[in-house]
Each structure stands twice: as structure tokens, then as C-alpha cells.
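Visitor: Hello! Could you walk me through this protein, one question at a time?
Guide: Gladly; have a look at it first.

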Amino acid sequence: MFLCSENNYNNKRKESMTSHPAPYYQPRNLLITGAAGFIASHVTNRLIKNYPGYKIVALDKLDYCSNLKNLAPCRSSPNFKFVKGDIASADLVNHLLIAEDIDTIMHFAAQTHVDNSFGNSFEFTTNNIYGTHVLLEACKVTKRIRRFIHVSTDEVYGETDMETDIGNPEASQLLPTNPYSATKAGAEMLVMAYNRSYGLPTITTRGNNVYGPNQFPEKLIPKFILLAMKGEQLPIHGNGSNVRSYLHCDDVAEAFDVILHKGVIGHVYNIGTKKERRVLDVAEDICKLFGLDTEKAIKFVQDRPFNDQRYFLDDQKLKKLGWQETTPWTEGLKMTMDWYIKNPQWWGDVSAALHPHPRISLIVHANDDAWLLENARLSNEDENNKSSELKFLIYGRTGWIGGLLGKLCDNQSINFEYGTGRLQDRRSIMDDVMRVRPTHVLNAAGVTGRPNVDWCESHKVETIRTNVVGTLNLADVCKDNNLLMINFATGCIFEYDKEHPQGSGIGFKEEDEPNFTGSFYSKTKAMVEDLLKEYENVCTLRVRMPISSDLSNPRNFITKISRYSKVVNIPNSMTVLDELLPISIEMAKRNCRGIWNFTNPGVISHNEILELYKKYIEPGFKWVNFNLEEQAKVIVAARSNNELDAAKLKKEFPDMLSIKDSIIKYVFEPNKKT
């Protein structure tokens, strides 16, 4: 890995080719990182098939370019175990090395797509350098690794002169030219340092481009194949003269098999081929396979910020171990094409990856505001061509409103998925967005307290995390992905005052500043509502005292007060979910934004509701009133009582019923006891 001058190049090459081979190495328990990715999955499948005595632990965080289906041939093996996790988690890595008695690591996990590295370089540093460092440190601490194979790339050498027929030998200087290759070179330096400083038994590989089945279509060959299948043009960066060498994945898997068993500790091995092709040649070969007119099927687009002209490797050192490339280009390309034709939905919706310069980042980012989804915004062209089909990402699956939203989507045949990430974990939100690819995000997640808001008084940190930090995280990620967020908030941030006296019919408007600070829950909701004003992509819906036709639900306001031994009698604005939740979906379709008082027009008192309950549900029902002073003695936090002005919502949806009429129609009539 040191600089070789022209004068001593031949001596270095001769030395690397005549190194004494190591005794045949036999691992017992292997950890393969990034195992559900393209190359690593082919290596894993080969080892499981050919060496049934080896125990293999496959570690992968299942990023966008990983797929558990890639490991399907392994799943039935008793010696195979899959673990979902990140190599950047030191606790997890240390645990696996000890618990699984790992003696060998094959480290494939990395971010590898050059185009992505130009826009999201920090993520490449985190995964490729920091992740590698975590692995190396775990090996140093546990002291049980007998072989650590680090997978690098030919790109660390930088460009190869177009005129030379001599490939880069393993002793060449590293001269990376893009953020991706720079992080891989940095990782190599760490590997070398741990080998020399701590005696860690490392081997490094540097490979040419690989192609074949299961590859995520951000890479050239699968991208061109899928575009050809769709009848779309094949975009070529620049003039297509850039030269690359391509190896079939089966040949590469065999190379790693050989290096694992025969490689010499402390050495570097190039995995390459002398058969080079211009990018234009690759496009033309794919056009021929599909019977396409190359003049019409190929288009030239703007080049990358920097695009190496050529990578060329000297592969003699690996061949001395007994490896040989066996898959002819034409045969390998045909097999790859056939696989994608048979498995068009292997990766789901990959339309974003097929752009010549992807506008949507497919990478899961770390929790750092300095490097968010810089490229995740849809271009105007994408926006105009985007399908009108809706797809909602809903948060709050286990909550009352979140559950009802899912049922409404089912009833209206709207495609939706529930978010699996925690709102306070920015990385998990971005993972959800990249996975689901929604058109809208509906946030019904939040802490209201069980059984009531008094819980928030003694759980303030938990309340802040979800109601403030979590909501802002979600709004910010939605903004960077050009997504409208419908946020189900609360109107319990106001209380009657001299400008809005009880019984006056003067309600608080959307632009009024919150004036109720009696509960910590309301404080957090008022705070986040004010901050969300800075996000033009957010539609805030102020819900109050929600009511539904499900009188068995303990969160239903009618159910609550019908079970209280005493109730106050104050008129309030309220939200009938059976009527208004379908309106919220319509608001998403209409691209409504800003703050909305999301209540039925008018107010209704507790006693009026209980009178209706008695009339329609339980004729013998009785209740007792008490005043606010008496109520204060049995609750921890004060309760908000107010009237919200619903004129803005009524103007948008003129058929909306008043609160009393809506309760009768949607709640009491359907539940009427005969």
C-alpha cells in the first residue's frame, strides 16, 4: 500500500507474486457483515453450500440495498444465523464476537454507491470508517479473531492511465478521487494500523466492478437492464468513454472463498479482470440483448462531479493462489438479464434509483442535522410526473386516532403503512420514509397520558421526547423529503378569558396565541405548535375532547364522563371523529397546510351530552355535578375549557355538522337502545 516508483515496480510485483502461500485455513465460526447485500450474500450462500461444517453469523442492518431474500438459500441451514444490527454498535459487535465464539470476520458492510457519496459523504464516513473502526476495536478487545478479511475497492487506487497495459499492483499508492473511495482508503489505513500495532490477523481485498443477480439497481448494469425492461432510455454520464472492468458475482464469490482459505495474513489481494469495457459498450450490449435500437435507447446526461476514466488491476497475486475468472461476459450478462426479468419486484419500487442522478437519497442517515437528506427533494420534473396514487405513512398505530386512520384508509382503498420508527429517533424516521415512499405522512402519535394528562406531570422528560422532539423530527424529515405532514394536535391549549368569555360564542381563532398553561401536556403541545409554524409542509389539526361511535373505548370523551362519579358542567368545543377523520384525509388530498381548529362548529356542555346519553343509551342514567374548585382537589393538572372558532374548517367543508347534531347522527343514533 506504499508508493512504488517506476524503477522499483517490477521488484515489488515479483515480491508480491512469490510470497509463500499460507497453510490452508479452516474457520469455525464466521461473522459476515453486510451479509444481505449483493456481493456478501453470494459469498455467504457459497460458503453455506460448500462448507456445511462452518457456522456463519450474518450481520446486516438491512439498509436500502440489502434484502433478506438474498440469503434465502441459507435460511434452512442449521449452521446459519441472521442478526439485524449495525456494525457501528460496539455493544452488539462485542456481544456477537463473544456469544457466537467468532474466530473469523469477513467485513463487507459499507456504503458503496459513488453518486450517493457526492451528496451524503458524512454517511460514508460513518459507515465505512467508523463502522470498520468499531469492528477492529472489538477484535482487539476480545482477542479471539484468527482472520479478519477487509473488503475494499479498486477505486482506492484512483485513475489508471489510459495508455498503460500494466494494472495497479497491490503495493501501489492509494489516490482516491471521490468521497466513497476516500472513506474506503481511510478504512484500509485503520486495518493496516491494527495489523501492525496489535497484531490483528488482517487481509485486505480490492475488487473491480461486480455484476449479477440480486444487485440493487443503483449500479450501472441492473439499472440499465430494468430501464430497458420498462422501455425507457439508458442514461450515460458524460460521453460514455469511461472504462470499467466487470466480474460476475459467482467468480467474485469464488475469489473470496480462495482468499479465506489460502490468503496470507497482512497481505492485500486484487480481485480483477483484464477484460475492460466502456460504459457505452455496456449500454450497447444490453440494448442488443433486448433488441433495442441503440441510437434511440441511449441518452447522454451530465457527468458526475468527478468521474475516474479507468480502473485497472494487476490480478496475478490472486491467481497464484489458484483463482481464475470463468464466466464469459456475454454469458454472465445474459444470465443477469434473465434473473431480473424473472424477478422484477425483488426490490419493490426502485424508480428513484433509476434516475441518472437520483434525486432521492436512498441512504439511512444518522441523527445529525448537519447532513440530512440533501438530495431527497423531488425535482420539479419528478413532481409533475409523480403518480397521483396516494400512499400514507401513519404514525400512532397503537393509538386511538392512528388505528382509526388505518381503518379509514382500508375502507377508502388508500395504500398506507404504519411507521415502525420511534419519533425521537431521527434515523428510524428516515428509514421509514425511504422504505415506504409515502405521498403524505399522518402523525397521530403523541403522549396524552394514561389514563389522563395527570400522567404527564410525573413523566415530563418522556412527554417532551415524543410531543416536542419527536414531532419536530418528523416535520423536519418530511420537509426534506417534500412531504406534507398532517399533524393531529390539540385545542387544549386555550382557556376561557375576558376576550373569549364562556357562553359568548366568541371562539379562539387559528392565529390566536395559546393562553392555557395548567398542564405540562398542554405546555408541550403549545410549544411544538408554535415551532411548527416555521414548517410550511405541516398541517396542524387542533383536536378537542375526541368523541366516536365506539362507546366501549375508554378514551372516548362520552365514555369517560359517563363513568365518572362527578362531572363539571362546562360548554366546550369537541371533535366527532366519525365525521372529521374522513375530512382529515380529504385535507391531505387537498394539500391543506397551516393551523386548523379541528372541531365541529359550536359548543356542547357535559350535561347536554349526558342528557343525550340518558335519552338514547341508558334511560335510568344519573350523574352528579361539581364545580371547578371541587374538581381541582381530585386531579393533578388543571383541565382546559374553551370554545374554538371552526369557521375556517366550515368554509372548507360546508356540509360539516354542528357539534350537537354530529354527536346525535354519528354516535347516539347508531348506538340507540331500542
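Guide: One definition to start: helices (at least four residues) and strands (at least two) are DSSP runs, numbered from the N terminus. Please keep in mind that this is a predicted model.

Visitor: Is Leu-62 buried, partly exposed or exposed?
Guide: Buried means under 20% relative accessible area and exposed means over 50%. Leu-62 has a relative accessible area of 24%, so Leu-62 is partly exposed.

Visitor: What is the phi of Leu-62?
Guide: Most residues other than glycine have a negative phi. Leu-62 is not a glycine, yet its phi is positive, at about 55°.

Visitor: And what is the phi of Met-545?
Guide: Met-545 sits in the loop between strand E17 (538-543) and H19. With a relative accessible area of 13%, Met-545 is buried. Met-545 is also a residue other than glycine with a positive phi, near 40°.

Visitor: Which residues of H20 make the contact with H14?
Guide: H14 passes H20 in a right-handed crossing. From H14 come Trp-400, Ile-401, Leu-404, Leu-405, Leu-408 and Cys-409. The partners from H20 are Leu-577, Leu-581, Pro-582, Ser-584 and Ile-585.

Visitor: How many residues of that contact of H14 with H20 are nonpolar?
Guide: The contact of H14 with H20 has no charged residues and one polar residue. The nonpolar residues number ten.

Visitor: Are H21 and H24 roughly parallel or roughly antiparallel?
Guide: H21 and H24 pack with their axes 10 Å apart, at an angle of about 30°. Angles under 35 degrees count as roughly parallel. That is why H21 is described as roughly parallel to H24.

Visitor: How many charged residues are in the contact of H21 with H24?
Guide: H21 brings Glu-608, Ile-609, Leu-612, Tyr-613 and Tyr-616, while H24 brings Lys-660, Ile-663, Ile-664, Phe-668, Glu-669 and Asn-671. By class, the contact of H21 with H24 has seven nonpolar residues and one polar residue. The charged residues number three.

Visitor: Which residues of H21 are buried?
Guide: Among the elements covering the buried residues of H21 are helix H19 (557-563), strand E21 (604-605) and helix H24 (659-671). In H21 (residues 606-616), the buried residues are His-606, Asn-607, Ile-609, Leu-610, Leu-612, Tyr-613 and Tyr-616.

Visitor: How many disulfides are there?
Guide: A disulfide is a pair of cysteine sulfur atoms within 2.5 Å. By this rule, the count of disulfides is zero. As an example, Cys-592 is in no disulfide, and the nearest cysteine sulfur, that of Cys-539, is 5.8 Å away. The count of disulfides is zero.

Visitor: One more: how far apart are the C-alpha atoms of Thr-466 and Val-447?
Guide: Thr-466 is found in helix H17 (residues 460-480), and at 15% relative accessibility it counts as buried. Val-447 is one of the residues that Thr-466 touches. The two are 19 residues apart along the chain, and their C-alpha atoms are separated by 6.4 Å.

Notes
Residues are numbered from 1 along each chain as its sequence is written. This is a predicted model: local features need pLDDT of at least 70, side-chain atom pairs count only at pLDDT 80 or more; totals for chains, interfaces and linings use all residues. Side-chain values use heavy atoms; hydrogens and water are left out. A crossing is left-handed if the near helix is turned anticlockwise from the far one by less than a right angle, and right-handed if clockwise. Contact means heavy atoms within 4.5 Å. Ala, Val, Leu, Ile, Met, Phe, Trp, Tyr, Cys and Pro count as nonpolar, Asp, Glu, Lys and Arg as charged, and the others, Gly among them, as polar. Buried means under 20% relative accessible area, exposed over 50%, partly exposed in between (1.4 Å probe, protein chains only). Axes are lines fitted to C-alpha atoms, for helices over the stretch in contact, and angles run from 0 to 180 degrees between N-to-C directions. Angles under 35 degrees count as roughly parallel, over 145 as roughly antiparallel, 65 to 115 as roughly perpendicular and the rest as oblique. Lists of a residue's contacts leave out its neighbours within four places in sequence.
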